[in-house]
Amino acid sequence: MNVVCLIMHALQFKFKGKPEDHHIVHDAPKPVPAKDEVLVKVKSSALDTTAKPIIEKEMPMAFFIHKLKDPLYLGYHFSGTIKAVGSQDEVSDLKVGDDVFGFLQYAPSQTQGAFADYITVKHNECAIKPSGIDFDVAAASTTEPVTALQALRDKGGLRKGANRQQKVLVVGAAGGVGSAAVQIAKKLFGAHVTAVSSTKNVEQVKSKFGAHAVIDRSIEPGYVQKLIEEKAQFDVILDAPCVLPSSATKLLKPKGVIVTTAPTGTMYLNQSKMALSSKKATWISCNSNREDLDTIGELLTGEDKLVVPIDSKFKVKDIAKAMAKHADGHNGRVVIQVENGWE
């Protein structure tokens, strides 16, 4: 007789807790896919910047990206293998055994976490993992590159084959979103990219990520004013760490856009002062969808490959060590091994 397992391993997090307070549970309910969903056995995940604000219930950010109630399961990035489909009638594009990657949606209704044996996702919110790309890299290549793509294209208005070379300024160019943005702006949209990073990352941003020009903010903390005085102008400014002063709007071309990765007081100030202008200030909330994940997959395997640095890898049982590494400084994604990572 076949025995159907209805429970699974998962990491359960404690609100306001320390890394050592989070623990493995062995009897978490295994999710059941809805008709338009697939059940994914998670192989790899990765840490991002959302865990801390959710655990600490930092408002308003935490409210917008996860349901704030117990039990709390976290982890958005994932790569793994489909183990079941909800309905063959509604899921005709994926099948059991397909290797997929993606990220759980950042939404107030989100209750799942990818630091678990299984998750369910809508069939059009994941994509086939590119052949030749391992599960660790696939999991690390989801939220941040998709955020960069959607920020530059959907919010910033960058387009392929523009009749003139578009100019982009990326602040935080060594981070997950920033490093992907530098490469996507250049590789996909043919834009001229000026990047901002600290001294230790200047060479990497230029040689590995391909920025045309790199500003060392450690040496030039007043770089915004200097760019203004030089009359530099950009079509899109991506402020990944949300640190630019309001004066940075002077660097926008007519119809230019400054995009942040979260709503900030400076963003609302900029919106107010540019209300009657062709310039805009906005923020990006990324959405997991098949088309954009496929685009990232193509960039990962193309001739001029998208580089997604991986700093380190930890078994899911060592989440406290992984979170400490992520908090204390990392150069790339901190990957979490979920499959075979519980012991």
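## Burial of the aromatic residues

A residue is called buried when its relative accessible area is under 20%, exposed when over 50%, and partly exposed in between. In this predicted model, Y106 has a relative accessibility of 11% and therefore counts as buried. F103, at 1%, likewise falls in the buried class. F63 and F64 are instead partly exposed: the relative accessibility is 45% for F63 and 43% for F64.

## Aromatic pairs and charges over rings

Four aromatic pairs are counted in the model. One of them joins F63 and F64, whose ring centres lie 5.6 Å apart; the planes meet at 75 degrees, so this pair is edge-to-face. Another pair brings together F103 and Y106, with 5.8 Å from centre to centre and 50 degrees between the planes, an arrangement classed as tilted. F103 and Y106 also belong to a cluster that ring pairs build together with Y76.

Two lysines are placed over aromatic rings. K30 has its charged end over the ring of Y118, at 4.4 Å from the ring centre. K43 is positioned over the face of F135, and the distance to the ring centre is 5.2 Å.

## The largest pocket

The volume of the largest pocket is about 1400 Å³. Its lining comprises 50 residues, and those closest to the pocket centre are T49, V177, A240, P241 and T261. Two or more lining residues come from each of α2 (61–65), α4 (143–155), α5 (176–187) and β9 (192–197). The greatest contribution is that of α5, which supplies five residues.

By residue class, the lining of the largest pocket consists of 26 nonpolar, 19 polar and five charged residues.

## The second largest pocket

The second largest pocket has a volume of about 320 Å³. It is lined by 14 residues, with P19, A51, K52, M323 and A327 nearest the centre. The elements giving two or more residues to this lining are α1 (51–55) and α10 (319–328). Of the elements, α10 gives the most, namely four residues.

The lining of the second largest pocket divides into seven nonpolar, four polar and three charged residues.

## Backbone geometry

Most residues other than glycine have a negative phi, and most peptide bonds are trans. Which residues are joined by a cis peptide bond with omega of about 5 degrees? They are M59 and P60, and P60 is located in the loop between α1 and α2. A cis peptide bond also links D70 to P71, with omega of about -10 degrees. P71 is part of the loop between α2 and β4 (77–85).

Positive phi values occur at K16 and C242, neither of which is glycine. For K16, phi is near 65 degrees; this residue is in the loop between β1 (7–12) and β2 (23–29). With a relative accessible area of 56%, K16 is exposed. For C242, phi is near 60 degrees, and the residue lies in the loop between β11 (234–239) and β12 (252–260). The relative accessibility of C242 is 26%, so C242 counts as partly exposed.

Note on methods. Residues numbered from 1 in each chain as written. Predicted model: local features only at pLDDT ≥ 70, side-chain atom pairs only at ≥ 80, totals over all residues. Heavy atoms only, no water. Phe/Tyr/Trp six-rings, centres within 6.5 Å; stacked < 30°, edge-to-face > 60°. Buried < 20%, exposed > 50% of the residue type's maximum accessible area, 1.4 Å probe, protein only. Lys NZ or Arg CZ within 6 Å of the ring centre and 35° of its normal. 1 Å grid on protein atoms, 1.4 Å probe; cavity = no way out; pocket = protein on both sides within 12 Å on 5 of 7 lines; lining within 4 Å. Points joined across faces, edges and corners; volume = space filled by probe spheres on them. Nonpolar A, V, L, I, M, F, W, Y, C, P; charged D, E, K, R; others polar.
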